Amino acid sequence: MLPYLQPDSTYKIRIHTFNKTLTQAQKIKKIDALEFLPFNGKVNLKNPEHVFWILEDYGMDPNNVPEEPFDLYFGRWIADGQRELIESYSVKKRHFIGNTSMDACLSFIMANHGRVKPNDIVYDPFVGTGGLLISSAHFGAYVCGTDIDYNTIHGLGKASRKNQKWRGPDENIRANLRQYGLEKYYLDALVSDSSRPVWRKGMLFDAIITDPPYGIREATRRTGSPKESVKSAEGSTENPVFISSSYHLSDIFFDLLKFAAEYLVMGGRLVYWLPIYRPEYTEEIIPRHPCLKLISNCEQMLSSHTSRRLITMEKVKEFKDQDQNSYLDDQYMPYRGHNSFREKYFSGVTKRIAKEEKDNQK
């Protein structure tokens with residue numbers, strides 16, 4: 001007999017709702033409706049041996065909450081999660097941050113999707129201030145990254161914090177990992193263009209976890225020729241690498257998939273965010289590669305018309321020379337329509353502002 005069905009056991013039932021608040025009376029009514037369950041033990045609200053939860057999901061629209069939940073779950077509590085990490089690794093308390101530093105909660109979710117474990121080697125090709133490296137290092141992985149922005153890698157230039165004009169002398173990725181006692185897991189970060197890999201050929205990484213730029217708060221850029229950019233003056237904190245801004249979103253993601261197919265170990269995972277214009281979204285636009293299997297596709301809404309999707313892929317086939325340009329095939333091209341994501345994003349913002357101004361005038 002299961003332990004929580006025995007007469008000498010104690011238990012209690014709790015209820016939690018998503019997108020709806022229940023009164024105490026409503027909660028008690030729902031719990032009483034479970035009296036048909038074959039629990040032979042006694043209720044103990046203070047110190048029970050077993051805790052059961054009712055979880056009700058009322059969707060994601062706070063303006064249209066249904067009477068009954070879309071989904072209902074019931075199960076026995078096994079252990080708490082690690083939500084305290086969200087606070088202890090909060091970006092607000094972090095030594096070195098940038099305009100697009102990843103939220104701590106999302107960073108740990110991405111590390112979980114990447115199945116990061118001790119002694120893995122995790123790489124971020126758009127490392128920025130290293131937020132995704134921190135979550136992977138917390139789980140015991142050795143971490144490294146690259147970024148095209150010279151200032152960010154070297155902790156130079158203007159600060160992102162309010163009331164701070166310039167970055168301090170020890171604001172860098174290494175200092176961030178040192179802050180959390182994770183410096184021993186930090187391999188290095190290089191100034192490099194993700195579209196032109198600097199790594200030797202071979203399967204090097206257990207996971208690639210990254211958040212490519214969308215052109216909203218950070219520009220989409222890759223190296224160009226001297227004709228495309230004027231080299232900065234010596235001693236300037238400007239990026240000394242020749243930059244071209246003509247790097248389309250579709251090219252970023254196709255280069256990323258090709259890199260992952262070539263440099264991930266077998267069974268290694270690629271985890272990244274894909275920006276989406278929701279009115280035009282279909283699953284067919286998700287970039288694919290013959291060496292990578294799509295594992296999960298989760299949406300995070302940014303506005304009524306835009307969102308980003310957390311894409312997780314796993315390497316299931318060894319990379320061959322014939323896979324070099326597989327992404328050029330027609331089945332990998334539907335995402336090209338989202339190259340104008342920046343324009344579509346700001347057109348929605350402009351329309352919203354205009355509507356708000358019109359409503360205020362009434």
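These legends walk through several close-up views of one predicted protein model.

**A note before you look.** Residues are numbered from 1 along each chain as its sequence is written, and side-chain values use heavy atoms, with hydrogens and water left out. Because the model is predicted, local features need pLDDT of at least 70 and side-chain atom pairs count only at pLDDT 80 or more, while totals for chains, interfaces and linings use all residues.

View 1. The secondary structure of the protein chain comes to eight helices and 13 strands; helices (H or I, at least four residues) and strands (E, at least two) are DSSP runs, numbered from the N terminus. Of the 362 residues, 45% count as buried. Here, buried means under 20% relative accessible area, exposed means over 50%, and partly exposed lies in between (1.4 Å probe, protein chains only). The accessible surface comes to about 20400 Å², and carbon and sulfur atoms make up 51% of that; such areas come from the Shrake-Rupley method with a 1.4 Å probe, and for residues only the protein chains shown count as cover. Among the contacts with a separation of 6 or more, 70% are between residues 24 or more positions apart, where contact means heavy atoms within 4.5 Å.

**View 2. Confidence along the chain.** The pLDDT is the predictor's confidence in each residue, from 0 to 100. Its average over the protein chain is 85, and 82% of the residues score at least 70. Over residues 228-236 the pLDDT is below 50, and beyond near neighbours in sequence this stretch has nine contacts in the model.

**View 3. An open sheet of four strands.** Follow the order S2-S1-S3-S4 in this sheet, whose pairing is mixed. Two strands pair if DSSP finds at least two bridges between them. S2 and strand S4 (71-76) stand at the edges with a single partner strand each, so one side of each has no neighbour in the sheet. Strand S1 (residues 10-18) runs parallel to strand S2 (residues 42-43), and two bridges join them. S1 also runs parallel to strand S3 (residues 50-57), this time with eight bridges. Tyr11 is a handy landmark: its bridge partner in S2 is Val43, and its bridge partner in S3 is His50. As a reminder, strands of a sheet pair through backbone hydrogen bonds, either parallel or antiparallel.

**View 4. An open sheet of seven strands.** The order here is S7-S6-S5-S8-S11-S13-S12, again with mixed pairing. Strand S7 (186-191) and S12 are the edge strands, each pairing on one side only. From one strand to the next, the twist averages 15 degrees. Look for S11 and S13, which pair in the antiparallel sense over nine bridges; Tyr277 has Thr306 in S13 as its bridge partner. Helix H7 (residues 249-263) packs on the sheet, touching S5, S8, S11, S12 and S13, and its direction makes about 170 degrees with that of S11. For these angles, axes are lines fitted to C-alpha atoms, for helices over the stretch in contact, and angles run from 0 to 180 degrees between N-to-C directions. H4 lies across strand S5 (121-124), strand S6 (142-147), S7 and S8, and runs at about 170 degrees to S6.

**View 5. Helix H3 and its surroundings.** After H3 comes Arg115, whose phi is positive, near 55 degrees.

View 6. Ser135 is found in helix H4 and is buried, with a relative accessible area of 2%. Not counting residues up to four places away in sequence, Ser135 touches Ser107, Phe108 and Ala111. A polar atom of the Ser135 side chain lies 3.1 Å from the backbone oxygen of Ser107. Gln164 sits in the loop between helix H5 (150-154) and helix H6 (173-179), and is partly exposed, with a relative accessible area of 27%. With the four-place limit applied again, Gln164 touches Ala159 and Glu171.

Definitions and conventions
A polar contact is a pair of N or O atoms within 3.5 Å; within protein, one must be able to donate a hydrogen and the other to accept it, and residues adjacent in sequence count only if both atoms are side-chain atoms.
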